[in-house]
Amino acid sequence: MSSTNLDVFMPVIILIALAIIMFVGAIGVVGKLLRPHKPTPLKETPYECGEAPVGSAWSNFNVRFYVVSLIFIIFDVEGALMFPVAAVFKDFVAIGAGGVVLGSLLLFILILASGLVYCWKKGDLDWVKSFQLSEDQLKKLNEVEAR
Amino acid sequence: MNNTIVSYLSQFEGHQKFLAVASEFLGFDVTALVGFVIFFTACFILVNVAAAIGGLGTYAERKISADIQMRQGPNRVGPYGLLQFLADGVKMILKEDVVPAQADKFLFNIAPLLALSGVFATLAVLPLSSGFILTDLNIGIFYLLGVGSVVGVAIFVGGYASNSKWSLLGGMRGASQIISYEVPVTMSIISIVLLSGGMSLVTVTESQGGLPHQWFILHNPFTFIGFFVMFIGTLAEANRAPFDLPEAESELVSGYHTEYTGMKFAFFALAEYAEVFVLCGIVSALYLGGYKVPMDLGNGVFFVENLGLPAVIGKNIGQLLQLGAFFTKTFLLYYVVIWIRWTLPRMRVDDLMTLCWKYLTPISLFNLIGCAIWVYFFENQSMWSVIFKAGAAGAGHH
């Protein structure tokens, strides 16, 4: 049997379709017939340990999550670019041309690692960024406070 | 080459005969139709098996935790309480479906579906055995990383759409944790791809052997460390303790699914337990030899030649043995995951990020470099053959 690309990806489509059928069947059809539906205003408020909720949850949020996602994107793209090289590396070693591929791979990882070192040094990897004062600054601060 | 369960079955005579007879009877070429029916049946079975494993996972979790804490655990419904998960399912489906008034209704309703379809889609490339794999994509691991991330999106969407502060915090933590731990996991996977020379999960498994010293975990020192990096990373990606910060019940009530009730909550739970199974399966395929059976019993040649069985039966016995090997390894890992959950306390959120970015990521980069250099200098031999060759050469000099 010839296998074209569409044949090979067929199970993926079927599996997602089954997930949708399961979800809609359990929640939209069977569940709808069986479960009670008595909404009250109190029931529909978000849970805040018994207190009345203050404001919406959709407000400004901690920026640290954003920094993490930025670092992640850099690493993930580099990882995605390394996959094809990794897949053919063994074949290149077998025909004796592994040195070139190894060199470029190491160069690539070096750039990635220097990015990591930069982020580390800058303190972006710390969850709680520390702003520790140097000795001189501390001395100055003490002088100001003493005055 | 892309193997699927259809191409596995079509090598048998019966399949060809059936195709010929059915085509003659119906008057058109039924190859595509039969292929679709086989795919659908196999997918249906696998989805049900995954759902049952997810359900029994909750049972196993409660039973093992009870064992660890010297309690009884569920023991009323069915023999040894085995049907507890079905009773829970019935209870869940009878519960009222409460949607918060301020929530983003569309996203709120679609988040559990995202989690569920993300996990089910990863089942497609799970290498249960060399023949009974739904589809052996030549980009298998890459596909898995991509589709597996949908669960992270689902957690974030669920947390955001609830419009509750607990949910939002849980969702944010979940998203940042999952994407962070994806980096060391990706690096560990790349080092395995380097060793096996292919991204298909069957290629990866086939380049290992049946016995422990032929597995990738003992291939060289770097993969030995890589296994633990990958295992810790998968624990974090599946939001399992000690990394279950997105649903940390002592600080965030219930995390990203605080506002979810009834079946929607059940689908989140099912997706989580099924994902643990899938990830354990992937770790066992990448590092622990996956479906490989010792002494090459898996290809069925032994049964045909020594026991005189017909080729069809011998081959399928081999496949069943492979299935058994895969599930044994996967369930052992599953047990370890549950064991870890009930042994270690939860980590703090800044410790979590420190562990990922300052320890696991540099270690996995180091492993990647080490594996690349190993493949280059030792031409992909395992450390055992390197050691024994060195030993033999040393003995020769005397």
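Biologist: In this predicted model, what span does helix α3 of chain B reach from its first C-alpha to its last?

Modeller: Helix α3 of chain B covers residues 31–68, which makes 38 residues. At 1.5 Å a residue the expected span is 56 Å, and the span in the predicted model comes close to that, at 53 Å.

Biologist: Which residue with a positive phi follows α3(B)?

Modeller: Beyond the end of α3(B) there is a residue whose phi is positive, near 55°. That residue is M70(B).

Biologist: How many helices and strands does chain B have, and what is its radius of gyration?

Modeller: The secondary structure of chain B comes to 15 helices and two strands. For 398 residues the globule rule gives 21 Å, and chain B is close to this, so it is as compact as a globular protein of that length. The radius of gyration of chain B is 23 Å.

Biologist: What percentage of the residues in chain B are buried?

Modeller: A residue counts as buried if 20 or more other C-beta atoms lie within 10 Å of its own. Among the contacts in chain B with a separation of 6 or more, 78% join residues 24 or more positions apart. Of the 398 residues in chain B, the buried share is 53%.

Biologist: What is the radius of gyration of chain A, and is the chain spread out or compact?

Modeller: Chain A has four helices and zero strands, and along the sequence its pattern is α-α-α-α. The globule rule gives 15 Å for 147 residues, and chain A is well over that value, so it is more spread out than a compact globule. Its C-alpha atoms fill a box of roughly 75 × 70 × 15 Å along the principal axes. The radius of gyration of chain A is 28 Å.

Biologist: Which element gives the most residues to the side of chain A that touches chain B?

Modeller: The contact takes 59 residues from chain A and 76 residues from chain B. On the side of chain A, the elements that give two or more residues are α1 (5–34), α2 (64–94) and α3 (98–122). The residues on this side divide into 42 nonpolar, eight polar and nine charged. With 17 residues, the element that gives the most is α1(A).

Biologist: Which residues of chain A are in contact with F120(B)?

Modeller: Neighbours within four places in sequence are left aside here. From chain B, the contacts of F120(B) are V47(B) and A50(B). From chain A, they are L15(A), I16(A), L18(A) and A19(A).

Biologist: How many of the residues of α11(B) are buried?

Modeller: At 1.5 Å a residue, the 26 residues of α11(B) should span 38 Å, and its end C-alpha atoms are 38 Å apart, which agrees. Just after this helix, G289(B) takes a positive phi of about 80°. Helix α11(B) is largely enclosed by the rest of the structure, because the number of its 26 residues that are buried is 24.

Biologist: What ipTM does the predictor give the complex?

Modeller: The mean pLDDT of chain B is 83, and 98% of its residues reach 70 or more. For the complex, the predictor gives a pTM of 0.86 and an ipTM of 0.82.

Definitions and conventions. Residues are numbered from 1 along each chain as its sequence is written. Chains are lettered from A and ligands numbered from 1 in the order in which they are written. This is a predicted model: local features need pLDDT of at least 70, side-chain atom pairs count only at pLDDT 80 or more; totals for chains, interfaces and linings use all residues. Two residues are in contact if their C-beta atoms, placed from the backbone, lie within 7 Å. Ala, Val, Leu, Ile, Met, Phe, Trp, Tyr, Cys and Pro count as nonpolar, Asp, Glu, Lys and Arg as charged, and the others, Gly among them, as polar. The radius of gyration is taken over C-alpha atoms; the globule rule is 2.2 Å times the number of residues to the power 0.38. The expected span of a helix is 1.5 Å times one less than its number of residues. A residue is buried if 20 or more other C-beta atoms lie within 10 Å of its own, exposed if 12 or fewer, and partly exposed in between; C-beta atoms are placed from the backbone. pLDDT is the predictor's confidence in each residue, from 0 to 100.
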